[in-house]
Each structure stands twice: as structure tokens, then as C-alpha cells.
Amino acid sequence: MNEKLQQLREQFEQLSVQISDSAALEQMRISFLGKNGSLTNLFKELRTLSAEDKKTAATGINQLKKELEQFIADKSAELAAAEQAAQLANTETYDFTLPSSLTGGSLHPITLVQREVEAIFASMGFTIEDFREIVDDYDNFEAVNIPPHHPARDMQDTYFLDNGQLLKTHTSAAQNSIMRKYGAPLRAVFPGRCFRNEAIDACHENTFFQMEGMMIDENISISNLIYFMKTMLSEVFKRDIQVRLRPGFFPFVEPGFELDISCLICGGEGCPTCKHSGWLELCPCGMIHPNVLEAGGIDSEKYTGFAFGLGLTRLAMMKYGIKDIRILNSGSLKALSQFTAKQ
């Protein structure tokens, strides 16, 4: 046993000065410490020795094993450092002061439309407001004249949270807070992201963007609503847009309307985007219900007002000729960048 151990030590010392790369080091490890390695087999032979001889031999074998393992660890680190240095020496130099990219990104189509619409309404004296995405039942429903168990709630498939709050289903959820913040008279628009558990298709998504707007003052009428809507649309599309008003039921307005625009994807002939009707619902609107004014702390006997919920997502589709709403939430840079100018 002692003779075999001495032979292995001499073999180890000879090989240790010949190792020049990681492959040779690995081969050395396998030949000594592998499943059928020479040192491993020597351990197996211990069972044939007497108890006294076994103890002496095991001490020598373990000592050699520790030396082997330490050599392999040190040599491995040395070779890795040398290989990395050689790789760096063969790599072209890089100027870290250069910009990370020579080409800029682009703004999302909805962002561009939102900023454009905000600028249009700001020029007409409207304040731009923001509102949270997680709201309570009161703001989202009750404050806009949709009490518990009202059938209008069935029109909005809502994402409820475990704590009783919910993801806002429409930007109308901000109406009460904005009214109480400013009182009357009031001109404000407040864009935001909305969520509904919709069946997704070419013209419906579960996440979309709206812009709510309100104007409250004395003697406000439907004619004021039509004027501001047509002015905004003509500014966005840089041309006259064919629109129509049709009766629509929304508990927070009375009377209520659906403002539709002629589909700009198909020119009014009918396509999947407009459900082959030639028209696209863009802006539910109407005169603010007295109950909503009173809930917002505004005297409904003295003041009237209009409200609208402009679909920014559909407006972007019409402006940029996007046929499928799912593209806007796809995260595809190749698809989205083609609609916007580089920034």
C-alpha cells in the first residue's frame, strides 16, 4: 500500500509541472479522483487491510487527496485568469465614453395622441389632472350615480381586489374628486388607464386608455359639448371628421349620447375594427346628471355641465391607421415604432 501511495505521489508531482490548460487539468483530476481514478481505487483497497495498517494508510491517502484538491483549485483559478487575460488581449478596444445607442427610441402612439389632446384642451382653458388607477366602489360607481345593484354595473366587467377596492373601469371615477377639488365653474380633463375583463378582439382590450373631460358653469348646454368635441377632433386629424350623435344610456349623464366618428380605417365602408358598421364609438358623453353634481358638492340648481369619456386608444388607432387594438399593448417595438416619429 505504501509503495503504491508513493508511486501516485511521484506521478502527481510529475504531472503538476506539465499542466498548461484547463483540459489537461480536468484530465488529471479524473485520472486521480474520478470514479475509477487511481487514488479512488486506493481508497477501495483499504478494506483489505488490518485495522492498524488501515489507519496508517488512510492518513497518507487523505493527505495526498488534500494536496491534489488544493493544487487543482489553485491551478484552475490561475488558468482561468490567464485565459481571460488572453481573451481581453485579443478583443478590440471599446470606448466607454460613446453613447449606448446611436438611435433614439420613439414615444408610444397613445402617448403622442394623449399629449396632443392635452395641448388642445389646455389651449381652450382646461386644467390637466391625473388620478389613481386603484379606486374604491364609491368613486367608481356610487359617486357617478351607479348605486349598488344598479344594472348599469353589468356593463362593466370589473377587476375587484381582495381588499374591496378595484381597478377603475372608466376615467369617470375621478369626477367626484375633481369636482370637490375645484368646485364650479370648472374645466378639466383627466387621462388615465382603465381596466375591464373584456373578451379581447380587434377592437376590445382589457387594458385601455381614456380621457375624461368636464365643463361646469352656468348655462352650459349640449351645443357647448358638440363645439368642443368637433374642435378637438378637427385639431387631432387636421381635417373635418364626420361625426354622429346617437342616444346612449350612462347613469352619470342625462341626456346621454354616443359620439361616433366615421371609421378612418375603411373610410366608412365597414371592417373588423368598426365591426363592419362604418362607424367607431369614440366618445360617450352627455350633460352631467344632477345627482353627480350634488355628490361633488356643486349646486345643480345653479350650474350645469357636460362630461365626456374620450377613448384615447381608439383615437390613436384612427389617427395612425392601426387595425388591431392588440398591437398597442403588444410590447412589439417593431410594430409600435412605425407609427411615431423618432424622439
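Which residue in β8 does Gly256 stand opposite? The legends below take up this question along with several other close-up views. This is a predicted model, in which local features need pLDDT of at least 70, side-chain atom pairs count only at pLDDT 80 or more, and totals for chains, interfaces and linings use all residues. Residues are numbered from 1 along each chain as its sequence is written, and side-chain values use heavy atoms, with hydrogens and water left out.

**View 1. Strand β8 and its pairing partners β7 and β9.** Gly256 stands opposite Gly286 in β8. Strands and helices here are DSSP runs, numbered from the N terminus, with at least two residues (E) for a strand and at least four (H or I) for a helix. Strand β7 (residues 253-262) pairs with β8 in the antiparallel sense over eight bridges, where two strands pair if DSSP finds at least two bridges between them. Strand β9 (residues 304-311) also runs antiparallel to β8, joined to it by three bridges, and Cys285 stands opposite Phe308 in β9. Strand β8 (residues 279-288) is mostly covered, as eight of its 10 residues are buried; buried means under 20% relative accessible area, exposed over 50%, and partly exposed in between, with a 1.4 Å probe and protein chains only.

**View 2. The largest nonpolar core, with Phe308 among its residues.** A nonpolar core is a set of buried Ala, Val, Leu, Ile, Met, Phe, Trp, Tyr and Cys residues joined through side-chain atoms within 4.5 Å. The largest one has 43 residues, and those with the most contacts inside it are Val117, Phe121, Phe308, Leu310 and Leu315. Helix α8 (222-237) is among the elements that give two or more residues to this core, and α8 gives the most, with seven residues. Leaving aside neighbours within four places in sequence, Phe308 is in contact (heavy atoms within 4.5 Å) with residues including Phe121, Met211, Met229 and Cys283.

**View 3. Glu118 in helix α5 (residues 109-123).** Glu118 is buried yet has no salt bridge, and the nearest side chain of opposite charge, Arg115, is 6.3 Å away. A salt bridge is a side-chain nitrogen of Lys or Arg within 4 Å of a carboxyl oxygen of Asp or Glu; Lys and Arg count as positive and Asp and Glu as negative, while His and the chain ends are not counted.

**View 4. Cysteines without disulfides.** A search of the whole structure finds zero disulfides, meaning pairs of cysteine sulfur atoms within 2.5 Å. The sulfur of Cys271 is 3.7 Å from the closest cysteine sulfur, in Cys274, which is too far for a bond.
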